[in-house]
Amino acid sequence: MSKENSNKFDVVIVGGGMVGLTMALLLARDLGQDKVFKLALVDGQKKGQKKEQAGGEKDELNTVKKPQATKVNVNSFSPRVSALTLASQALFDSLDLWRDQIAPQACPYEDMYVWDAEGTGNINFSALDIQQLALGHIVENSVIIKALDEALGQQVAIKQFEGVPVSRYQAQRDNHILTLADGTEIHGKLIIAADGANSFIRQAAEFDVKAWSYEHQAIVTTVRTELSHNFTASQCFLTSGPLAFLPLLDGASGREAQFYSSIVWSCESEKAQRLMDMDQATFHVALQEAFESRLGAIQESSKRIAFPLWQRHATSYVKPGLALIGDAAHTVHPLAGQGVNLGLLDAECLCKVIRQALDKGEGFSSEQVLSRYQRQRKGHNLSMMTLMEAFKRGFGSDDLMLRWMRNVGLTFVDKARPIKHQLMKKVMGL
Ligand SMILES: Cc1cc2nc3c(=O)[nH]c(=O)nc-3n(C[C@H](O)[C@H](O)[C@H](O)COP(=O)(O)OP(=O)(O)OC[C@H]3O[C@@H](n4cnc5c(N)ncnc54)[C@H](O)[C@@H]3O)c2cc1C
């Protein structure tokens, strides 16, 4: 086969983050088996780099299939973690990745405690209330990427291009051309852009986007605390922004001795800079005070990383032969840990839409078919983004009236079980 023909595909996925890899695996398993449907995945980074960026240490990454390795200090954990909903867990389970690869390294959280640092309002969500074992799981991103990469490596039905980014995109009637930075041309009837928040494809294809900076940064670090987190995720709303303690699994100790948490501390850029500049001891005191010493003293913390926070939403997710998924389509505030969960649902939905179109003999890359994906996902993503925005604005104000309303509101929702359960189910993706 000539090089030109060998680089012609039915679907090309651009971006091998958690969402792009999941999309690729779904399509390879569902459509690639007959070898007639040709698939490709392009990622600008090499696999090793991707894991480095996701924060994994090499030794740890090599142990995914074994029982969880003992975590000896804060640096044993990848800095980036995700709170996975039960819907995402079900998706990974359907891909045979949950039980053996992800679950052994995932920390279930059975309770979630949310409170207003400036008042008396608080709310407690418990998995028991809705007859579940956990509300969700905290997982290192490197564990998820490793599991997906390994599973995809076993799929013969997909060709992977890695280490060179797409630098040019040309739309043609039934065929789109991607040019990589090394000059390689790749043709696809359908391009799926999963290339993240600053999506090159989204910009090159001139999708309109509503975007604004929160003028907040999220500081991420792993900490060891004096007291066990006891499988509870906690979020404290300070007027400067939300501070989350997400429980991590310490492979060695028992139930009562789980001392590691991943922190996401969102605040205005100026304050974030001050926190980033602090020495370890001063930072530990500031963090302990902000968190009202709920887990005792902060004993150890890993290198802090700051992420600028943006809200972005493409006004349309599709064009003929092109679809945006994951952060390429929408970027949300991390305060309720929804970003990747929404992206995984996008991937699942788009795979179903393509499969149904093929079953009916329709052109799977037509705008009409792809619009079905947009119809099913855009409203859901938008409603979640609106909810996050309401939380962020409601808690970001020190207006007295608003403070009173949010305290009364939190206490009311805590006691109004049907409303509380609906809210829980929405955030858990049920
Ligand atoms: C501090 C913080 C905490 C968060 N916590 C949570 C959480 O608890 N739960 C949750 O659900 N979400 C969370 N999120 C959001 C979540 O991290 C993102 O939604 C998720 O990583 C998006 O995945 P993605 O695959 O769409 O994009 P990305 O992870 O950004 O992947 C994009 C991929 O595209 C590749 N790429 C980019 N450009 C090109 C190009 N030109 N050519 C080829 N390849 C390219 C990149 O190499 C990369 O591999 C958090 C975000 C932040 C900032």
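Strand β12 (residues 209-225) pairs with strand β15 (residues 260-268) in the antiparallel sense over 9 bridges, two strands being taken as paired if DSSP finds at least two bridges between them. Helices (H or I, at least four residues) and strands (E, at least two) are DSSP runs, numbered from the N terminus. Within β15, S261 stands opposite V223. Strand β17 (residues 305-314) also runs antiparallel to β12, to which 10 bridges join it; here F307 is the bridge partner of A218. A further antiparallel pairing, over 3 bridges, links β12 with strand β16 (residues 298-301), where E300 is the bridge partner of R224.

The model is predicted, with pLDDT of at least 70 needed for local features and 80 or more for side-chain atom pairs, whereas totals for chains, interfaces and linings use all residues. Residues are numbered from 1 along each chain as its sequence is written, and side-chain values use heavy atoms, with hydrogens and water left out.

The largest nonpolar core comprises 72 residues, of which L27, F92 and I192 touch the most other members. A nonpolar core is a set of buried Ala, Val, Leu, Ile, Met, Phe, Trp, Tyr and Cys residues joined through side-chain atoms within 4.5 Å; buried denotes under 20% relative accessible area, exposed over 50%, and partly exposed in between (1.4 Å probe, protein chains only). Helix α2 (residues 18-31) gives the most to this core, with 10 residues. Apart from it lies another core, of 27 residues, including F77, A218, L248 and V264.

In helix α5 (residues 86-94), the buried residues are L86, A87, S88, L91 and F92. They pack against α2, β3 (81-84), α6 (98-102), β7, α7 (141-153) and α11 (339-359), contact meaning heavy atoms within 4.5 Å. Residues up to four places away in sequence not being counted, F92 touches T22, L84, L97, W98, I102, I144, L148 and L344. After α5 comes D96, with a positive phi near 60°.

The structure holds 2 cavities of 30 Å³ or more. A cavity is a set of points on a 1 Å grid over the protein atoms alone where a 1.4 Å probe fits but cannot get out, and lining residues have an atom within 4 Å of a point. Grid points are joined across faces, edges and corners, and a volume is the space filled by probe spheres set on the points. The second largest cavity has about 50 Å³ of space. Its lining consists of 10 residues, with Q105, I138, E140, L248 and L249 the closest to its centre. Strand β7 (residues 136-140) gives the most to this lining, with 3 residues.

Notes. On a 1 Å grid over the protein atoms alone, a cavity is a set of points where a 1.4 Å probe fits but cannot get out, and a pocket is an open set with protein on both sides within 12 Å along at least five of seven lines; lining residues have an atom within 4 Å of a point.
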